[in-house]
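Here are my notes on the ligand site. Please read them with the model open.

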Amino acid sequence: MTIVITFGTYDLFHIGHLNIIKRAASLGDYLIVGISTDKLNFKKKNKNPIINQNDRKTIIESIKYVDETFFEESLEEKREYLLKYKADILVMGDDWKGKFDCFKDIVKVVYFERTKDISTTDLKKIIKEN
Ligand code: C2G
């Protein structure tokens, strides 16, 4: 069985998020998604997500391509998560290109091209302007 793992915040869930989840699932038999906690998100981006971590997790675990989810508490623990969940493939969008190459000793690392013309940041801007 090939286990695929991917990570993200998935705030204001949109088609770019769905596309990468679907593509990640297509690489293996079992897809695990690590959801950034609100605290980790604040650390990464200096702001809180609009949707809280429990709701973001509930949304992700309801997607038919997703088999399991967990909270990603810290970026520094990525190696531990990969080992704990026995991942074979790590998938991320290419905004993270190269950043996870250090895990190539334990998993295959795949960066997919981001879906164009959509992001949580853009959505927030559009909502604000309307
Ligand atoms: N994504 C995408 N296309 C978009 C927007 C996002 O392919 N238009 C991908 C990102 O590249 C990422 C995933 O969707 O792989 C989740 O994106 P974010 O929620 O922005 O994730 P991020 O906050 O970058 O968290 O440990 C890694 C981090 O937790 C990733």
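1. A definition comes before the counts: Ala, Val, Leu, Ile, Met, Phe, Trp, Tyr, Cys and Pro count as nonpolar, Asp, Glu, Lys and Arg as charged, and the others, Gly among them, as polar. On that basis, the shell around the ligand holds seven nonpolar, eight polar and six charged residues. Keep in mind that this is a predicted model.

2. The shell has 21 residues around the ligand. Nearest are Thr9, Lys45, Lys78, Asp95 and Ile118. Two or more shell residues come from each of β1 (3-8), α1 (15-25), α2 (38-45) and β4 (89-93). The largest share is that of α1, with three residues.

3. A side-chain N or O atom of Asp95 lies 2.6 Å from a ligand oxygen. The ligand alone exposes 640 Å², and the protein buries 96% of that.

4. The lining of the largest pocket counts 36 residues. His17, Lys45, Asp95, Trp96 and Arg114 lie nearest the centre. Elements giving two or more lining residues are β1, α1, α2, β4 and α5 (120-129). Here α1 gives the most, with five residues.

5. By class, the pocket lining divides into 10 nonpolar, 15 polar and 11 charged residues.

Conventions
Residues numbered from 1 in each chain as written. Predicted model: local features only at pLDDT ≥ 70, side-chain atom pairs only at ≥ 80, totals over all residues. Heavy atoms only, no water. Near = heavy atom within 4 Å. Polar contact = N/O pair within 3.5 Å; in protein donor to acceptor, adjacent residues only side chain to side chain. Areas by Shrake-Rupley, 256 points an atom, 1.4 Å probe, with all protein chains shown as cover. Helix = DSSP H or I, 4+ residues; strand = E, 2+ residues; numbered from the N terminus. 1 Å grid on protein atoms, 1.4 Å probe; cavity = no way out; pocket = protein on both sides within 12 Å on 5 of 7 lines; lining within 4 Å.
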